[in-house]
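Let us read one protein model together, feature by feature.

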Amino acid sequence: VRLCHWLIVATLVVLSVTGIYIGNPFLPVNGEATRHFVMGTLKSLHFMAAMLFTLSVCARLLWMFAGNPYARWQEFLPVSKRRLQGIWNTFAYYVFLHRDSPAFVGHNPLAGAIYTLVFGLCTGMIVTGLALASAGANVTSLLHSLQFLIPWLGGLQWARFLHHVGMWLLLGFGAHHVWSAFLIGTVERSSLIDSIFSGYKVLHPDVAKRARRHIEEDR
């Protein structure tokens, strides 16, 4: 989970920087492309990072069905009654309507539901990216067979626009994600930030007691 997380973060940074330049090449380059090849180099970096991003997202989606209970899809889709109720309780805690934090060891239901949307957005970025890559792919490439995505997305211009908007949405989520992780980790004293590095999450005794009671009730 942590490996996929950090690979997605790293590739998103590379994809954003190279994608912004591809959309608006701002570096003045004098001479023939054969000697400088700035755009070609950045496109190659963008493509390699895109492939690593795609593999990382697919691996994390696969782990939703093969991982431990805290990494599975039930942590993202609120299918149980307690997690459905937990969406409102978590929201109420975030907007200061409830005093006690939601007692969940893994993702709380509200965060899990938002992450579901984020994975959907990542999937959209992969699909639009493959459509754009297929337009210039060699006829012998497997990417060339994906050109059916172009009319399905409304044409190359729409695919490029959706790809661009998706990048800014992911960057906006990233900023909110980092801020909220620091905030909630500090308020709940749950070592939330440490866990993405160490793999261990330490709960406050009060939260741990309530979480243990909920787990026993679910059983």
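The dialogue below goes from the overall fold to single residues.

Q: What kind of model is this, and how are its residues numbered?
A: This is a predicted model, in which local features need pLDDT of at least 70 and side-chain atom pairs count only at pLDDT 80 or more, while totals for chains, interfaces and linings use all residues. Residues are numbered from 1 along each chain as its sequence is written, and side-chain values use heavy atoms, with hydrogens and water left out.

Q: How many helices and strands does the chain have?
A: Helices (H or I, at least four residues) and strands (E, at least two) are DSSP runs, numbered from the N terminus. Here the chain has eight helices and zero strands. Its pattern along the sequence reads α-α-α-α-α-α-α-α.

Q: What does the C-alpha trace span along its principal axes?
A: The span is about 65 × 35 × 30 Å.

Q: Which share of the contacts links residues 24 or more positions apart?
A: Contact means heavy atoms within 4.5 Å. Of the contacts in the chain with a separation of 6 or more, 56% join residues 24 or more positions apart.

Q: What is the accessible surface of the chain, and what percentage of its residues is buried?
A: Areas come from the Shrake-Rupley method with a 1.4 Å probe; for residues, only the protein chains shown count as cover. The chain exposes about 14,100 Å², of which 69% belongs to carbon and sulfur atoms. Buried means under 20% relative accessible area, exposed over 50%, and partly exposed in between (1.4 Å probe, protein chains only). Buried residues make up 31% of the 219 residues.

Q: Where is Ser134, and what does Ser134 touch?
A: Ser134 sits in helix H4, residues 109-135. Leaving out residues up to four places away in sequence, Ser134 touches Leu143, His144, Leu146, Gln147 and Ile150.

Q: Which backbone oxygen lies by the polar side-chain atom of Ser134?
A: A polar contact is a pair of N or O atoms within 3.5 Å; within protein, one must be able to donate a hydrogen and the other to accept it, and residues adjacent in sequence count only if both atoms are side-chain atoms. For Ser134, the backbone oxygen of Ala131 lies 2.7 Å from a polar atom of the side chain.

Q: How many salt bridges are there, and which residues form a salt bridge?
A: A salt bridge is a side-chain nitrogen of Lys or Arg within 4 Å of a carboxyl oxygen of Asp or Glu. The count is one salt bridge. Arg83 pairs with Glu75, with the closest N and O atoms 3.6 Å apart. Arg83 is buried at 7% relative accessibility. Glu75 is buried as well, at 11%.

Q: How many disulfides does the structure hold?
A: A disulfide is a covalent bond between the sulfur atoms of two cysteines. The cut-off used is a pair of cysteine sulfur atoms within 2.5 Å. The structure holds zero disulfides. Cys58 is in none; its nearest cysteine sulfur, that of Cys4, is 9.9 Å away. For Cys122, also in no disulfide, the nearest cysteine sulfur is that of Cys58, 11 Å away. Cys58 is partly exposed at 43% relative accessibility, whereas Cys122 is buried at 3%.

Q: Which residues make the nonpolar surface patch?
A: Patches are made of residues with over 30% relative accessible area and no salt bridge: like charges are joined within 9 Å, nonpolar side chains (Val, Leu, Ile, Met, Phe, Trp, Tyr) within 5 Å. Ile20, Phe26, Leu27, Val29, Trp168 and Leu171 make a nonpolar patch of about 560 Å². Leu171 belongs to helix H6, residues 156-188. Leu171 is partly exposed, at 34% relative accessibility.

Q: What is the phi of Phe96, and where is Phe96?
A: Most residues other than glycine have a negative phi. Phe96 has a positive phi, near 70 degrees. Phe96 lies in the loop between helix H3 (81-94) and H4. Its relative accessible area is 77%, so Phe96 is exposed.

Q: How far apart in space are Gly174 and Cys122?
A: Sequence separation and C-alpha distance are read side by side. Gly174 and Cys122 are 52 residues apart in sequence and 12 Å apart in space, C-alpha to C-alpha. Gly174 lies in helix H6.
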